[in-house]
Amino acid sequence: EYLGHPGAVAVVPVLDDRSADPRLLLVRQFRYPVGELTLELPAGKLDGREAPVRCVRRELEEETGYTARRVWKMLSYWPTPAFANEIIHVFGASGLRRGTYSPDEDEIIEPVVLRLSRVLEMIRRGRLRDSKTIVGLLAFSRWMKKS
């Protein structure tokens, strides 16, 4: 037995992509299952057969109020293959411009700007525990080193 899931996206929004230590846009939100405020990448579930890149653009604007000129795919992974068939597609986004901030009615969410070095230190210290955020930030860090 397993949980069927349509898939999801997560995005690493970069405010200053030419910096060696860029500012990233994350979201702080309350997660009821763990009873805590979490710091996460903007993310969301695919609507039916929605293309992941379209979902990334939609979720980025809904959760942060920003749109992106450039979006690129970094990787896809299964967060819990023993339990669900969910796949999360992780993207980067740059060339950010203010758009319309419109979180879902049931979301208590706040955009937060942090430097890459700070979030990597938070991962190292166990202060970031969300898998899509950890995977996305580590993938982005690796991508930065190769660029």
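**Figure 1. Arginine 70 lies over the face of tryptophan 72, at 4.3 Å from the ring centre.** A charge is taken to sit over a ring if NZ of Lys or CZ of Arg is within 6 Å of the ring centre and within 35 degrees of the ring normal. The structure is a predicted model, in which local features need pLDDT of at least 70, side-chain atom pairs count only at pLDDT 80 or more, and totals for chains, interfaces and linings use all residues. Residues are numbered from 1 along each chain as its sequence is written, and side-chain values use heavy atoms, with hydrogens and water left out. Trp72 also belongs to a cluster with Phe140 and Trp143, linked by ring pairs.

**Figure 2. The rings of phenylalanine 30 and tyrosine 32 form an edge-to-face pair.** Their centres are 4.8 Å apart and their planes stand at 80°. Rings of Phe, Tyr and Trp (its six-membered ring) pair if their centres lie within 6.5 Å; planes under 30 degrees apart count as stacked, over 60 as edge-to-face and the rest as tilted. Three aromatic pairs are found in the structure. Phenylalanine 30 is partly exposed at 30% relative accessibility, whereas tyrosine 32 is exposed at 60%; buried means under 20% relative accessible area, exposed over 50%, and partly exposed in between (1.4 Å probe, protein chains only).

**Figure 3. Leu24, Val119, Leu137 and Phe140 touch the most other members of the largest nonpolar core, which has 23 residues.** Such a core is a set of buried Ala, Val, Leu, Ile, Met, Phe, Trp, Tyr and Cys residues joined through side-chain atoms within 4.5 Å. Among the elements giving it two or more residues are strand S1 (8-13), strand S2 (23-31), helix H2 (116-124) and helix H3 (131-146); helices (H or I, at least four residues) and strands (E, at least two) are DSSP runs, numbered from the N terminus. H2 supplies the largest share, four residues. Beyond its neighbours within four places in sequence, leucine 24 is in contact (heavy atoms within 4.5 Å) with residues including Val12, Val112, Val119, Leu137 and Phe140. A second, separate core of 13 residues includes Leu25, Val56, Val71 and Phe91.

**Figure 4. Helix H3 has buried residues that include Leu137, Phe140 and Met144.** Gly136, Ala139 and Ser141 are also among its buried residues. H3 has 16 residues and reaches 23 Å from its first C-alpha to its last, close to the 22 Å expected at 1.5 Å a residue. The expected span is 1.5 Å times one less than the number of residues.

**Figure 5. Glutamate 110 and arginine 28 meet in a salt bridge (3.5 Å, N to O).** This pair links distant parts of the chain, with glutamate 110 in strand S7 and arginine 28 in strand S2, 82 residues apart. A salt bridge is a side-chain nitrogen of Lys or Arg within 4 Å of a carboxyl oxygen of Asp or Glu. Glutamate 110 is partly exposed at 42% relative accessible area, and arginine 28 is partly exposed at 31%. The whole structure holds twelve salt bridges.

**Figure 6. Asp47, Glu50, Arg58, Glu59 and Glu62 are joined in a network of salt bridges.** Within it, the side chains of glutamate 59 and arginine 58 meet at 2.8 Å, N to O. Glutamate 59 is buried at 6% relative accessibility, whereas arginine 58 is partly exposed at 23%.
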